[in-house]
Amino acid sequence: FFHYINSMKYLLIISCLLFTAVGWSEDVSLNDLIVKDGLYYKKSKDLPFTGNVTGQQQGKIIQGKRDDLWIWYYDNGQFQYKWNYKYGKEEGEWKMYYESGELWKKGNYKDGKKYGEQLSYWENGQLGIKGNYKDGRKDGEQLHYNENGKLESKWNYKDGKKEGENIHYWKNGKLWVKENYKDGKKEGVTLVYNKNGKFEKTKIYKAGKLIETITP
């Protein structure tokens, strides 16, 4: 009798495992799914979908939520995006690519928000932007470079708003504008220079409004 019971338990476990395996073997296109209340469902089904998505978007869905690595493709088969998810939220490293296959942008997410260093590149491979995020907002120094690798601007952010000194350069590397921000608005003295690096004028701002322009 006990042998019979144990055999039945064993068969039940094997059946559950096979059922799970069959469930996971189901591959669908994203077009076969609909979104209700933030969850993915198969059309005409009442339970959130669990399985694999194939096609130009490929990834895994668990109980209606994206999970683990997701990959998007261009029509030519090149990678377009590589994104990581955890229980439906972006988590970990993400990457974007040009249609040529060159890396365009990369960074990290934490609990669905951009976090830490974020980088973008020109299609020739040169670094374009280097900056930091905190809780999904720009925070700290942001550096912008042109296609030749020369620094174009240096911005500072706090909680997603420009704060403190911001500097812009001409394409030849000469200083162009040096300005200050407070709570996302221009504040105080802005110095302007021509392409040869010669000082041109001073602008005075208050809460984002131009108050006075002074020329030597």
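This is a predicted model: local features need pLDDT of at least 70, side-chain atom pairs count only at pLDDT 80 or more; totals for chains, interfaces and linings use all residues.
Local features need pLDDT of at least 70 and side-chain atom pairs count only at pLDDT 80 or more, while totals for chains, interfaces and linings use all residues. Residues are numbered from 1 along each chain as its sequence is written, and side-chain values use heavy atoms, with hydrogens and water left out.

**Overall picture**

The protein has 23 strands and 1 helix, taken as DSSP runs numbered from the N terminus (helices H or I with at least four residues, strands E with at least two). Of its 216 residues, 26% count as buried. Here buried means under 20% relative accessible area, exposed means over 50%, and partly exposed is in between, using a 1.4 Å probe and protein chains only. Take contacts (heavy atoms within 4.5 Å) with a separation of 6 or more: residues 24 or more positions apart account for 9% of them.

**Salt bridges**

There are 7 salt bridges in the structure, each a side-chain nitrogen of Lys or Arg within 4 Å of a carboxyl oxygen of Asp or Glu. Among them are these:

| Pair | N to O distance |
|---|---|
| Lys42 and Glu26 | 2.6 Å |
| Lys60 and Asp68 | 3.9 Å |
| Lys186 and Glu179 | 3.5 Å |

What does the bridge between Lys42 and Glu26 tie together? Lys42 sits in strand S3 (residues 39-42) and Glu26 in the loop between helix H1 (2-25) and strand S1 (27-29), so the pair links parts that are 16 residues apart in sequence. Lys42 is partly exposed at 23% relative accessibility, and Glu26 is partly exposed at 30%.

In the next pair, Lys60 is partly exposed with a relative accessible area of 25%, and Asp68 is partly exposed too, with 41%. As for the last pair, Lys186 counts as partly exposed at 23%, whereas Glu179 is buried at 4%.

In soluble globular proteins, nonpolar side chains tend to be buried together. The largest nonpolar core in this model has 13 residues, and Leu33, Val53, Ile61, Trp70 and Trp83 have the most contacts inside it. Strand S6 (65-73), strand S7 (79-86) and strand S9 (92-97) each supply at least two residues of this core. By definition, such a core is a set of buried Ala, Val, Leu, Ile, Met, Phe, Trp, Tyr and Cys residues joined through side-chain atoms within 4.5 Å.

Trp83 deserves a look: leaving aside neighbours within four places in sequence, Trp83 touches Asp68, Leu69, Trp70, Trp72, Glu90, Glu93, Trp94, Lys95, Met96 and Tyr109.

Gln142 is in strand S15 (residues 140-145) and is buried at 3% relative accessibility. A polar atom of the Gln142 side chain lies 3.0 Å from the backbone oxygen of Asn132. Not counting residues up to four places away in sequence, Gln142 is in contact with Lys130, Gly131, Asn132, Ser153, Lys154, Trp155 and Tyr157.

S15 also turns up in the largest pocket: strand S10 (103-110), strand S12 (116-121), strand S13 (127-134) and S15 each supply at least two residues of the lining. That lining has 13 residues, with Lys114, Gln118, Ser120, Ile129 and Tyr133 nearest the centre of the pocket.

Definitions and conventions: A polar contact is a pair of N or O atoms within 3.5 Å; within protein, one must be able to donate a hydrogen and the other to accept it, and residues adjacent in sequence count only if both atoms are side-chain atoms. On a 1 Å grid over the protein atoms alone, a cavity is a set of points where a 1.4 Å probe fits but cannot get out, and a pocket is an open set with protein on both sides within 12 Å along at least five of seven lines; lining residues have an atom within 4 Å of a point.
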